[in-house]
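Good morning, and thank you for the time. I would like to walk through one structure, and I ask that you keep the sequence and the coordinates in view as I speak.

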Amino acid sequence: MKTIIIEDEKPSARRLNRMLEVLNITPDLMLHSVHESVEYLLNNPAPDLIFLDIQLSDGLSFEIFDQVEIKSAIIFTTAYDEYALQAFKLNSIDYLLKPIDEEELMAAVDQFRLRFRQSQNSNKAAIINFEEIAKLLGNPIERNYKKRYTARVGEHLKLFHTDDVQLFYSENKGTYLSIENGRNYLIDTKLESLLEELDPKQFFRISRQAIIHIKAIDDMISYTNSRIQIKINSFKEFDLIVSRERVKEFRAWLEK
């Protein structure tokens with residue numbers, strides 16, 4: 001099974017390469033731009049599987065398909081806001097949200113292997129409408145985002161508006177919301193599900209452990225390994241650090 005990675009951020013490409021090797025997949029090649037990818041794909045047999053970042057150094061990866069007919073299976077890797085990923089869900093396309101989670105990668109690879117065997121038996125390649133996906137990403141679907149969450153406090157239910165939430169975080173297999181007075185409340189929704197429910201203009205996932213509200217930020221401090229530490233004065237549970245893979249997207253989010 002021939003596999004290639006197309007990713008402009010070399011540390012991310014190397015990390016994905018290492019994660020795939022654990023799953024007994026050894027990528028044959030790593031490419032880093034639209035130009036480089038087009039040149040390779042025009043002059044070499046199509047791989048079985050491509051891990052493809054959407055935003056490359058010299059343009060969107062969809063530009064590759066304007067110049068090359070691709071019959072490979074594709075798993076997109078992306079740091080796009082969750083609302084834009086509706087484009088993929090509507091088209092039943094596999095994607096992995098950065099920073100890539102090991103379990104999600106394993107699930108995507110397992111799904112590909114199943115489809116790969118089926119396509120070999122039927123000798124049919126999946127047809128992907130890249131033009132339609134690009135259009136949806138450029139004009140994301142309008143959504144009504146969730147405004148309220150409930151938390152159980154003893155025998156009572158307490159209602160919280162998202163405007164009053166400083167951050168959501170996971171700890172000890174539970175998901176909590178934290179409000180301005182420093183109180184934290186356990187909720188039933190998982191952190192991954194919250195990403196699909198919250199307004200991405202207001203909330204940002206800084207790491208696997210925390211989603212913060214933009215208005216809750218009291219200070220931002222340079223941290224080791226090019227990361228950023230976020231200060232929310234009412235929150236004392238643990239240090240809030242923007243993971244290195246998310247720093248670029250975080251800076252862009254701040255300026256939207």
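Let me begin with the lining of the largest pocket. At least two residues of that lining come from each of the following: strand 7, helix 5 (102-122), strand 10 (165-171), strand 11 (174-179) and helix 7 (191-197). Please bear in mind that this is a predicted model.

Which element supplies the largest share of the lining? Helix 5 does, with 6 residues. In total, 31 residues line the largest pocket, and those nearest its centre are D101, E104, L191, E192 and R205. The space in this pocket amounts to about 780 Å³.

Strand 7 leads us to the sheet. An open sheet is formed by 5 strands in the order 2-1-3-6-7, with parallel pairing. Strand 2 (29-31) and strand 7 (95-97) each have a single partner strand and therefore stand at the edges, with one side of each lacking a neighbour in the sheet. On average, and ignoring direction, neighbouring strands here are turned by 20 degrees against each other.

Within the sheet, strand 3 and strand 6 (residues 73-78) run parallel and are joined by 5 bridges. One of the residues concerned is I50, whose bridge partner in strand 6 is I74.

Helix 1 (residues 10-22) lies across strand 1 (3-6), strand 2, strand 3 and strand 6, and it runs at about 155 degrees to strand 1. Helix 2 (residues 34-43) also packs on the sheet, where it touches strand 1 and strand 2, and its direction makes about 135 degrees with that of strand 2.

Which residues of helix 2 are buried? They are V34, S37, V38, Y40 and L41. Their cover includes strand 1, strand 2, strand 4 (55-56), strand 5 (59-60) and helix 3 (64-67).

Is D53 buried or exposed? Its relative accessible area is 5%, so D53 counts as buried, the cut-off being under 20%. Leaving aside residues up to four places away in sequence, D53 touches I6, E7, D8, S61, T77, T78 and K98. With K98, the side chain of D53 makes a polar contact of 3.2 Å, side chain to side chain.

Key:
Residues numbered from 1 in each chain as written. Predicted model: local features only at pLDDT ≥ 70, side-chain atom pairs only at ≥ 80, totals over all residues. Heavy atoms only, no water. Buried < 20%, exposed > 50% of the residue type's maximum accessible area, 1.4 Å probe, protein only. Polar contact = N/O pair within 3.5 Å; in protein donor to acceptor, adjacent residues only side chain to side chain. Contact = heavy atoms within 4.5 Å. Pairing = 2+ DSSP bridges. Helix = DSSP H or I, 4+ residues; strand = E, 2+ residues; numbered from the N terminus. Axes fitted to C-alpha atoms, helices over the stretch in contact; angles between N-to-C directions. 1 Å grid on protein atoms, 1.4 Å probe; cavity = no way out; pocket = protein on both sides within 12 Å on 5 of 7 lines; lining within 4 Å. Points joined across faces, edges and corners; volume = space filled by probe spheres on them.
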